[in-house]
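Visitor: I've got a chain open here and would like to walk through it. Can we start with how the strands go together?

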Amino acid sequence: MSGATKPEGSTPSGRRDPAGRGTGRPVRGPAGPLRAPAASRSNALHAGAWWLWALGLATAASRTTNPLLLGLIVGVAGYVVAARRTDAPWARSYGAFVKLGLMVLVIRLVFSVFLGSPIPGQHVLLTLPEVPLPDWAQGVRLGGRVTAEQLVFALYDGLKLATLLICVGAANALANPARLLKSLPGALYEAGVAVVVAMTFAPNMVSDVVRLRTARRLRGRPTGGVRALLQIGLPVLEGALERSVALAASMDARGYGRTAQVPPRVRHLTTVLTLGGLLGVCAGAYGLLAAQGAGYGLPVLLIGLAAAMAGLRLGGQRSVRTRYRPDRWGVRAWLVAGSGAVVAASMIWAASYDPQALHPGVLPLVAPQFPVWPALSVLVGLLPAVVAPVPPALSPPSAASVPPAVRGKQK
């Protein structure tokens with residue numbers, strides 16, 4: 001009716017917002033104390049927190065060859081990715097990293113079968129014809145005996161490397177590369193721009209290939225073979241070239257690549273601090289890994305890190321840029337990064353406390369054990385699936401955003 005009036009503060013759809021103002025937008029209910037809020041631009045998790053969490057899982061995976069613990073780490077990473085992944089192009093790369101890890105595992109097993117292994121064994125599975133090699137190829141063989149011990153050793157080794165790749169893929173799928181670029185030091189900004197552009201364009205090219213293959217399939221044209229590959233590759237390369245030119249023009253218009261005038265003494269001091277710091281980090285890391293360098297390894301590593309950070313700080317004066325809406329490192333970012341650190345520290349402690357449980361033996365061949373405390377520490381890595389903000393595609397609609405007719409049917 002034309003003469004009907006709406007209550008004051010109601011929205012066009014007849015709903016009232018808590019403040020009594022008609023905004024026309026669905027009103028979200030307050031998040032519970034144990035429920036993560038819906039992700040938005042203001043409360044998005046810092047990209048560095050995702051990388052620290054993934055690096056913590058990768059550090060834990062590097063400390064063990066137990067297939068049970070490695071499988072648990074892969075399960076934790078996969079669950080968090082499934083719970084907090086968005087629909088962005090870079091978020092689709094997790095499946096590619098999983099396939100790459102499986103391919104690395106298969107290649108490691110194939111190399112062990114055909115190139116042999118230094119691990120001796122008593123359980124011979126098969127004997128391949130051995131190819132005679134010259135004297136200068138001592139220690140290398142092609143073919144020969146294939147034992148169960150060498151296959152199990154190769155399986156453990158390949159599974160550890162595959163787990164590391166999957167952890168890196170989890171960080172790549174969860175962290176926004178453009179937001180990560182904002183957190184880089186000014187000295188690494190130009191390199192970070194190149195990395196972000198490469199990481200952004202690769203998924204777009206994959207999407208173009210999938211779209212063109214689907215279009216050819218719907219038109220009844222073949223999608224396999226050399227001819228089809230050439231017909232698909234030309235439009236993909238043309239589209240990538242057009243995006244590159246457009247991106248270069250937009251970046252030049254926004255002032256990318258412009259540098260400030262820095263005094264020569266500051267440039268020389270930056271070079272000395274950066275190179276000296278990196279050399280100190282390498283020497284300190286070698287000292288920590290070596291058996292006789294534990295006394296000087298940690299001090300040299302800390303001094304090298306301090307010098308490198310100072311060099312990067314001075315090098316940032318050369319880059320002229322501003323930060324629009326810088327990402328905040330909040331409580332949820334500390335929880336996500338801290339969960340990865342807890343997993344890494346617990347696994348390092350377990351490796352020194354009970355190394356046999358984390359490294360099952362192959363001579364003699366024994367079944368791997370399931371260490372309880374390291375497994376429980378790995379489960380701490382599930383914390384981001386609870387505290388990280390929920391992406392919009394995964395967040396359930398609030399009660400206020402559901403139309404009254406639909407709510408009546410649900411009741």
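Guide: One term before that: two strands pair if DSSP finds at least two bridges between them. Note also that this is a predicted model.

Visitor: Fine. How many bridges join β1 to β2, and which way do the strands run?

Guide: Strand β1 (residues 124-131) and strand β2 (residues 142-147) are joined by five bridges. The two strands run antiparallel.

Visitor: What stands opposite V124?

Guide: T147, in β2, stands opposite V124.

Visitor: And β1, how many of its eight residues are buried?

Guide: The number is zero, so strand β1 lies largely in the open.

Visitor: Zooming out. How many helices and strands are in the protein chain?

Guide: The protein chain has 14 helices and two strands. Of its 411 residues, 33% count as buried.

Visitor: What share of the contacts join residues at least 24 apart?

Guide: Taking contacts between residues at least 6 apart in sequence, 75% join residues at least 24 apart.

Visitor: Now helices. At what angle do α1 and α4 pack?

Guide: Helix α1 (residues 47-62) and helix α4 (residues 148-174) pack at about 175 degrees, and their axes are 9 Å apart. Angles over 145 degrees count as roughly antiparallel, and α1 and α4 are therefore roughly antiparallel to each other.

Visitor: Which residues make the contact?

Guide: From α1, the contact uses W50, W51, W53, A54, L57, A58, A61 and S62. From α4 come K160, T163, L164, C167, V168, A170, A171, N172 and L174.

Visitor: Last topic. Where is W90 found?

Guide: W90 sits in the loop between α2 (67-84) and α3 (94-115).

Visitor: Is W90 buried or exposed?

Guide: Buried: the relative accessible area of W90 is 18%, and buried means under 20%.

Visitor: How far apart are W90 and N176 in space?

Guide: W90 and N176 are 7.7 Å apart, C-alpha to C-alpha. In sequence, W90 and N176 are 86 residues apart.

Note on methods
Residues are numbered from 1 along each chain as its sequence is written. This is a predicted model: local features need pLDDT of at least 70, side-chain atom pairs count only at pLDDT 80 or more; totals for chains, interfaces and linings use all residues. Side-chain values use heavy atoms; hydrogens and water are left out. Axes are lines fitted to C-alpha atoms, for helices over the stretch in contact, and angles run from 0 to 180 degrees between N-to-C directions. Helices (H or I, at least four residues) and strands (E, at least two) are DSSP runs, numbered from the N terminus. Angles under 35 degrees count as roughly parallel, over 145 as roughly antiparallel, 65 to 115 as roughly perpendicular and the rest as oblique. Contact means heavy atoms within 4.5 Å. Buried means under 20% relative accessible area, exposed over 50%, partly exposed in between (1.4 Å probe, protein chains only).
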